[in-house]
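Reader: Hi! I'm new to this. Could you walk me through a protein structure?
Author: Happy to! Here it is.

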Amino acid sequence: MAGLDELIEETGAHDCVECGKCTSVCPVARINPKFAPRLIVLRVLEGVSDSLSKDKDIWSCITCEMCNDMCPYEVNYSGFILGLRTRAIKAGNLPDCSQSGAVHTYQRLMTSGVKQNRLKWVTPEMKIKERGDVFYFTGCAVHLGALFSDKAGELKNTPANYVRILNAAGIEPVVSNDEVCCGHDLLWAGDEDSMLKLMDKNVEVIRKSGAKTVVFSCPECLRTFEIDYQDFLGDFDFELVHMSEFLLDLIDKGKLSFDSNGGKITYHDSCRLGRHLGIYDPPRDLISALGMELIEMQNNKEKAGCCGVNAFANCGEVSQKLQLDRLLEATATGADEMLTFCPKCVIHFNCLLKSPKLPVPHEKVKILVREFGNVLAEHLQKKGDR
Amino acid sequence: MTEQYEPRIIAFCCNWCSYAAADLAGTSRLQYPPNIRIIKVMCTGRIDPVFVLQAFKHGADGVLVAGCHPRGCFYVHGNEKTAYRMEFLQDIMPMIGLEPKRLRLEWIAGSEPDKFARICREMVEDLKKLGPSPVRGGIF
C-alpha cells in the first residue's frame, strides 16, 4: 500500500485551504460539533503522529460526500477517509461495527470460495440464464433481509421482484449462484484485502457469463464496480448500468409498462446513487412512469439527507438524529411511502421507525420506507393486460 | 498418513443450566466424544449471532448453542432471544454455503447430563457424515 503522501496527493488533500465549507454542510458535524472533515485532513497533513492509530473520527464519517460536493477546491474527502481507514486498521484502529460486525463476518466468509446456495429465491416461473448479454447483479438484499427480518424482511423479495420485472419486458437476465458480495462494506470498514478477493471472484463470474451489460439495483454495488473496481482493474469491457436507467430505457421502447392507481410517493436519494454516481433523474422518471405523484422532500438530490450509517461501521446517536431528521422531512411531504434503491437505507430508516426508542411519537413519522423494486413489482402490468 | 477427520465443535453453554449439565456429565462419568470445546456464557442471550459466524470463520465444523429450557431462563427472556437469533442464522447459513445442520440449538437443564452427552454424540456423528466445514482452516 502506498504511503500517506501518495494518498494526500491522489485525493487533492493538499489543496484544502481550511475554508470550512465542508464542515458547514457535514451532517455529522451538525450534530457532533467536535467533528469536522477539514480537521481530519489537517491532523494528517500536520503529521500528528498517532492520528492514524487513535483517531476515531475517521470512523464517525458517514462518507455521504456532502463535503466533496461543496468543496471549492475539489478535495476528495471521502476518498481520503477511505484511504485512511485501510491504513488505520493496519495500525490497530478498528471501527466499532454495528451488529458486532455480523455483516462483515458473513461477507468475509464469502472470500473463502465456499459453494453458496444463493439462489433459493428463484422460482420455476422465473426465466434466468447461465450465459447471456444482460447480467443482473443481485447484491446482498436477500442476506440482509434475513439478517434484519424484523426490520426490513421485505428485502428478501427484492431480487425476485427485479427478475419478474425484467422477465415481463422479455429479458432473461443472467443471475449467478457464484456471485459474491461486492465488498463495499468491507472496503469502507478498512478491509481492502478481503474486498480485492471478492472483486476477483465477481469479475471472473461476469466474464464467464459473457455479459455485455451488468445491471445493478443496489447503489453500493454499482459504486463499488464503477469506481473502486475500475480503480484497481482499469476500465471494464462490459457496461455497468443502474436498474433505474435500464428500466426507463425499456419503458421508452414500449417493452414495459406499469399501472398504479396514483398515490403519493417521495424519493430518497441514497448517497451512493446520488452524490457518488450522479444518478438523480432516472428514479424520478420511473416514479412518473408508475403514474404516481412524486413529492420532493425539502432537501433533495445533491442536498439529500442521509440514513446515518456507513457500511455498518458506525451507528449511534448521530445516526439516529440524522435518520429522524430525514423521516420527519419525508412525513412533511404528506406522501405515503418513501422509496429508495439502497437496501441499507431501507434497513437503517426502518431500524429507527420500528424501534421502541423512537424519540418522537410514532404518529409524527407516518411513512413507510420501502425498496424501489418491491413497489415497482406491485404495479407491474403483465403482457396480457396491455 | 492422512489425519482422520474429527469434527471440531464449539459449544456455547449457559452458566445456569447447560454448563451445569456438562459439569454433571463429567462428574457422573458419562461418556461423550472429546470433540466439543465448551465456552461458558452467563446466558444464551449473551450469544451474539456474530459469535456463531466467527466460530465458523475460524474453522469450526459445528456450533452448539445450549441453554435453559423455554420459560426456565435464569434471566427470564434470554433464551427466547437466542431462539429468534438462531432462526435467522439458520436462514442465512445456506446462502453463504454452510449447511444449517452445523448449527444446533438445544435446551439442556442442569439435571439432564445424559441429554448433554447424547447431543454431543449425535452432533459428532452428524458432522462426521456431513464432512469438514467448507471453511476449515479458517479465514484470518
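Author: Let's start with a term: a polar contact is a pair of N or O atoms within 3.5 Å, and within protein one of them must be able to donate a hydrogen and the other to accept it. Please also keep in mind that this is a predicted model.

Reader: Thanks! How many residue pairs are in polar contact across the interface of domain 1 of chain A and domain 3 of chain A?
Author: Eight residue pairs are in polar contact across that interface, with both residues at pLDDT 80 or more.

Reader: What is the area buried between domain 1 and domain 3 of chain A, then?
Author: About 1,300 Å² is buried between these two domains of chain A, and carbon and sulfur atoms give 59% of that. On the side of domain 1 of chain A, the residues that lose the most area to domain 3 are A:I31, A:I62 and A:M66, together 38% of what that side buries.

Reader: What's the salt bridge count between those two domains?
Author: The count between domain 1 of chain A and domain 3 of chain A is one salt bridge.

Reader: New topic! How many residues does the contact take from chain A and from chain B?
Author: It takes 24 residues from chain A and 18 residues from chain B. The two chains bury about 1,900 Å² between them, with 69% of it on carbon and sulfur atoms. In chain A, the most area is lost to chain B by A:T105, A:L109 and A:V114, together 28% of what that side buries.

Reader: How many salt bridges are there between chain A and chain B?
Author: Two salt bridges are counted between chain A and chain B. A:K120 and B:D91 meet through their side chains in a salt bridge, at 3.9 Å from N to O. The interface of chain A and chain B also has four residue pairs in polar contact, both residues at pLDDT 80 or more.

Reader: Which element gives the largest share of the side of chain A that touches chain B?
Author: That is α9(A), with five residues. By class, the side of chain A that touches chain B divides into eight nonpolar, 10 polar and six charged residues.

Reader: What does the pair of A:D191 and A:R108 tie together?
Author: A:D191 lies in the loop between α13 (184-188) and α14 (192-209) of chain A, while A:R108 is in helix α9 of chain A, so the pair ties together parts that are 83 residues apart in sequence.

Reader: Is A:D191 buried or exposed?
Author: A:D191 is buried, with a relative accessible area of 11%. A:R108 is partly exposed, because its relative accessible area is 21% and buried means under 20%.

Reader: What about A:D185 and A:K344?
Author: Their side chains meet in a salt bridge, at 2.8 Å from N to O. A:D185 is in helix α13 of chain A and A:K344 in helix α20 (residues 343-353) of chain A, so this pair ties together parts that are 159 residues apart in sequence. A:D185 counts as buried at 1% relative accessibility, and A:K344 counts as buried at 7%.

Reader: Last one: which residues are linked in a network of salt bridges?
Author: A:E154, A:E337, A:R370 and A:E378 are linked in such a network.

Definitions and conventions:
Residues numbered from 1 in each chain as written. Chains lettered and ligands numbered in written order. Predicted model: local features only at pLDDT ≥ 70, side-chain atom pairs only at ≥ 80, totals over all residues. Heavy atoms only, no water. Buried area = accessible area lost by both parts, 1.4 Å probe. Salt bridge = Lys/Arg side-chain N within 4 Å of Asp/Glu carboxyl O. Polar contact = N/O pair within 3.5 Å; in protein donor to acceptor, adjacent residues only side chain to side chain. Contact = heavy atoms within 4.5 Å. Helix = DSSP H or I, 4+ residues; strand = E, 2+ residues; numbered from the N terminus. Nonpolar A, V, L, I, M, F, W, Y, C, P; charged D, E, K, R; others polar. Buried < 20%, exposed > 50% of the residue type's maximum accessible area, 1.4 Å probe, protein only.
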